[in-house]
Amino acid sequence: MRISLMTTCLVDVMAPDVARATVTLLERLGHQVVFDKRQTCCGQMHTNTGYYSEAAPVVRSFVDTFEPSLDRIDAIVMPSGSCAGCVREQHQLVAQHEEDPVLEERVAAVSAKTYELSELLVDVLKVTDVGAYFPHSVTYHPTCHSMRVLKVGARPLKLLRAVEGIDIRNLPESDSCCGFGGTFSVKNDATSDAMVTDKAANVVSTGAEFVVAGDASCLMNIGGKLRRTSDDAAGPQAVHLAQILASTPDDPFVPSETILGRAS
């Protein structure tokens, strides 16, 4: 398949290793990955806050970038449940708010080919065992948008369970929010901090080496809290699903000093 990568703003700026891991994984599975340098933002920060008018130019830019290539690609992949959820659900709401039926049609065409990474692998590529190797203990945090908007369900866990050497540990209160929510964490910082404090404590309670999720934004939030509060230099690190799935015996994942977690 020919797959177009939408890196997302946060991954591009704060966690580029996640984008590289996504490409490595898909190419190892035999697919061609293309990248349109015109891509910018999906508009999630605006739409999540209810600023649909302000989001409209961003949505139009997104459509202008990806629509012309739809006949030359099989899918658009985003290593982010929240951004994929924005494209699949919120772009249509923006187009309706603008009372623009042409934009609605264009948005529908683009969103129909847009997938979060685990959806692409399990539903489109029909694969759960991607040949990954990750001899570490992990606990999985299902992010809010992936659960409640995209409804990815057990797809990420199906992929993780097929990873050689992995030890998956149940996360207490796994379906609770980490408190990030984009601008929510800025506008409601005290509430957000209380939420991520609980989430980080639950991660630590598992004894896992890594907390894994499909959203770099949530991992940034959880990983940041773990770095600020853990007395143990070898405490849990945050890692993206793509990084685990890209790891193999010949090319294993090596923790780095990124925004997502501490280096070992």
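**View 1. Ser-118 is a buried residue of this predicted model.** The relative accessible area of Ser-118 is 0%. That value is under 20%, so Ser-118 counts as buried. Ser-118 belongs to helix α7, which covers residues 117-124. What does Ser-118 contact, leaving aside its neighbours within four places in sequence? Its partners are Asp-123, Val-152, Arg-155, Pro-156, Leu-159 and Leu-241.

**View 2. Four strands make an open, parallel sheet.** The strand order is β2-β1-β3-β4. β2 (32-34) and β4 (114-116) are the edge strands, and each of them pairs on one side only. Direction ignored, neighbouring strands of the sheet are turned by 35 degrees against each other on average.

**View 3. Strand β1 pairs with β2.** β1 spans residues 2-5. Three bridges join β1 and β2, in the parallel sense. Ser-4 stands opposite Val-34, a residue of β2.

**View 4. Helices α5 and α7 lie across strands of the sheet.** Helix α7 lies across β1, β3 and β4. The angle between α7 and β4 is about 105 degrees. Helix α5 lies across β3 (75-78) and β4. Relative to β4, α5 runs at about 155 degrees.

**View 5. The largest pocket holds about 630 Å³ of space.** Its lining is made up of 32 residues. Which of them lie nearest the centre? They are Gln-44, Ser-82, Phe-180, Gly-182 and Ser-217. Several helices each supply at least two lining residues: α1 (9-14), α3 (44-48), α5 (81-97), α8 (144-148), α10 (184-187) and α12 (216-229). By class, the lining has 17 nonpolar, 13 polar and two charged residues.

**View 6. The second largest pocket has a volume of about 230 Å³.** Twelve residues line this pocket. Closest to its centre are Asp-17, Ala-21, Gln-243, Ala-246 and Phe-253. Helices α2 (16-28) and α13 (241-246) each supply at least two residues of the lining. Which helix gives the most? α2 does, with four residues. The lining divides into five nonpolar, four polar and three charged residues.

Notes: Residues are numbered from 1 along each chain as its sequence is written. This is a predicted model: local features need pLDDT of at least 70, side-chain atom pairs count only at pLDDT 80 or more; totals for chains, interfaces and linings use all residues. Side-chain values use heavy atoms; hydrogens and water are left out. On a 1 Å grid over the protein atoms alone, a cavity is a set of points where a 1.4 Å probe fits but cannot get out, and a pocket is an open set with protein on both sides within 12 Å along at least five of seven lines; lining residues have an atom within 4 Å of a point. Grid points are joined across faces, edges and corners, and a volume is the space filled by probe spheres set on the points. Ala, Val, Leu, Ile, Met, Phe, Trp, Tyr, Cys and Pro count as nonpolar, Asp, Glu, Lys and Arg as charged, and the others, Gly among them, as polar. Buried means under 20% relative accessible area, exposed over 50%, partly exposed in between (1.4 Å probe, protein chains only). Contact means heavy atoms within 4.5 Å. Two strands pair if DSSP finds at least two bridges between them. Axes are lines fitted to C-alpha atoms, for helices over the stretch in contact, and angles run from 0 to 180 degrees between N-to-C directions.
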